Amino acid sequence: MEQKKLLIITYYFPPAGGPGVQRWLKFVKYLPEFDVQPIVYVPENPTYPIVDEGLVSEISDKVIVLKNKIWEPYQLASIFSKNKTKKISSGIFPQKKKQTFLDKTFLWVRGNLFIPDARVFWVKPSVSYLEKYIQENNIDTIVTSGPPHSLHLIGLELQQKLKVKWFADFRDPWTTIGYHKALRLSSYAEKKHKNLEHKVLNSADEIIVTSKTTKTEFEAITNKPITVITNGYDVETVEKQTLDTKFTLAHIGSFLSDRNPPFLWEVLVELLKEVPEFKSHLEIKLIGAVSQEVLDAIQEHQLKDYLNLVGYVSHKEAVAHQRKSQVLLLIEINSEDTKSIIPGKLFEYMVSNRPIIAIGPQGSDFADIVTQTNTGVFFDYSEKAKLKSVILDFFNQFLEGKLQSHGIGLQQYSRKNLTKQLAQLIKG
């Protein structure tokens with residue numbers, strides 16, 4: 001049987017690091033097994049906030065990678081402040097009350113002059129490049145993956161010009177994503193975002209989302225078919241890890257300002273006072289970009305002596321930390337807007353055999369996954385007493401050498417199974 005050709009338009013692809021790259025890196029790894037030939041279109045000279053050269057070796061040798069130059073205003077903005085530019089492009093914004101004039105200016109420019117995002121200048125050259133490629137190679141199906149949501153505008157134009165079948169994949173929502181409100185949008189800019197979102201959702205042939213809440217939200221905007229395909233875990237070739245000798249509470253990934261959980265720090269302070277052994281065993285291990293507000297909160301609660309600030313590591317090292325840490329922290333912003341967010345690292349956490357402490361808004365989509373797979377315990381921001389009780393229970397299991405998770409039904413979230421769903425959808 002001849003393989004179906006699928007053109008995938010994405011911004012994040014190795015050597016990009018961070019969570020945004022994993023979804024399509026893994027899909028293209030397995031698509032050929034389901035008779036789909038992946039052709040990936042990416043920028044030639046992107047401004048990636050995180051780079052992980054180790055991921056390049058994971059690109060399947062069966063994928064065709066197309067590259068085309070991009071101009072991004074981040075390249076210009078970095079002249080004024082490379083650090084601020086890198087943080088904003090990573091989605092790390094300073095708290096409103098702590099924003100400097102330069103912070104406010106950068107956010108206003110990002111939100112109001114570059115709609116839907118700073119990659120909008122790649123739309124026209126991409127359409128021009130891909131229009132020719134699609135016609136010459138008889139491609140009839142494309143996928144655009146956002147954010148950045150500019151890429152959906154590429155899909156929109158290609159669909160209009162060539163009548164290709166277009167799937168719009170939303171790794172995150174568009175106008176309800178948490179950071180959207182931080183962009184200091186004018187009423188004009190906000191309206192333009194909503195109009196573009198409406199146009200994309202009502203023009204794409206099919207929509208793919210990562211959570212049921214996003215599906216429900218989009219169903220209020222469009223009648224087009226919407227399929228939930230979550231992120232997942234892959235089989236990782238990492239050496240067997242020796243567990244940390246300390247009682248490590250590890251957070252892996254970007255620890256944004258708004259994710260700062262004061263009640264977690266309060267619980268740890270109380271346990272340090274009430275449980276004599278806790279003081280000699282506790283370690284707060286933070287891996288990845290950490291906002292200053294989180295570090296300040298740890299300092300204010302006098303927990304700095306227990307902090308191990310590891311910083312950014314490669315994906316392979318991150319997986320190793322997931323498997324040797326005693327407890328894994330999964331923290332989402334306490335907001336209605338983040339109920340739909342299912343952090344990609346959740347699925348890697350679930351197969352690490354380490355218990356998860358998951359914190360988020362009441363009704364979070366990832367609460368159901370953690371509970372149903374028996375891989376940890378979910379807490380909303382009002383459940384301080386419950387959190388304290390569970391951490392103490394985990395600590396006692398740690399002292400007895402019995403702390404681990406006992407996951408069930410994890411296979412449904414394997415990258416290979418999820419790719420099978422995708423292939424079935426693409427092939428109709």
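Axes here are lines fitted to C-alpha atoms, for helices over the stretch in contact, and angles run from 0 to 180 degrees between N-to-C directions. The model is a predicted one, so local features need pLDDT of at least 70 and side-chain atom pairs count only at pLDDT 80 or more, while totals for chains, interfaces and linings use all residues. Residues are numbered from 1 along each chain as its sequence is written, and side-chain values use heavy atoms, with hydrogens and water left out.

**View 1. Helix 5 crossing helix 6.** Helices (H or I, at least four residues) are DSSP runs, numbered from the N terminus. Helix 5 (residues 123-136) and helix 6 (residues 150-162) have axes that come within 9 Å and cross at roughly 45°. That makes helix 5 oblique to helix 6; angles under 35 degrees count as roughly parallel, over 145 as roughly antiparallel, 65 to 115 as roughly perpendicular and the rest as oblique. The crossing of the two is right-handed, meaning the near helix is turned clockwise from the far one by less than a right angle.

**View 2. Who touches whom between helix 5 and helix 6.** Contact means heavy atoms within 4.5 Å. On the helix 5 side, look for Val123, Lys124, Ser126, Val127, Leu130, Glu131, Ile134 and Gln135. Helix 6 answers with Ser150, Leu153, Ile154, Glu157, Leu158, Lys161 and Leu162.

**View 3. Ser150, tucked into helix 6.** Ser150 is found in helix 6 and is buried, with a relative accessible area of 0% (buried means under 20%, with a 1.4 Å probe and protein chains only). Not counting residues up to four places away in sequence, Ser150 touches Pro116, Asp117, Arg119, Val120 and Val123.

**View 4. The largest nonpolar core.** A nonpolar core is a set of buried Ala, Val, Leu, Ile, Met, Phe, Trp, Tyr and Cys residues joined through side-chain atoms within 4.5 Å. Of the 67 residues in this one, Leu7, Leu130, Ile134, Ile154, Leu158, Phe170 and Ile207 touch the most other members. Helix 6 gives the largest share, 6 residues. Beyond its neighbours within four places in sequence, Leu7 is in contact with residues including Ile39, Tyr41, Leu66, Leu130 and Ile134. A second, separate core of 36 residues includes Val267, Phe379, Ile391 and Phe398.

**View 5. Thr214 in helix 8.** Thr214 lies in helix 8 (residues 212-219) and is buried, at a relative accessible area of 2%. Leaving out residues up to four places away in sequence, Thr214 touches Pro173, Val209 and Ser340.

Conventions: Buried means under 20% relative accessible area, exposed over 50%, partly exposed in between (1.4 Å probe, protein chains only).
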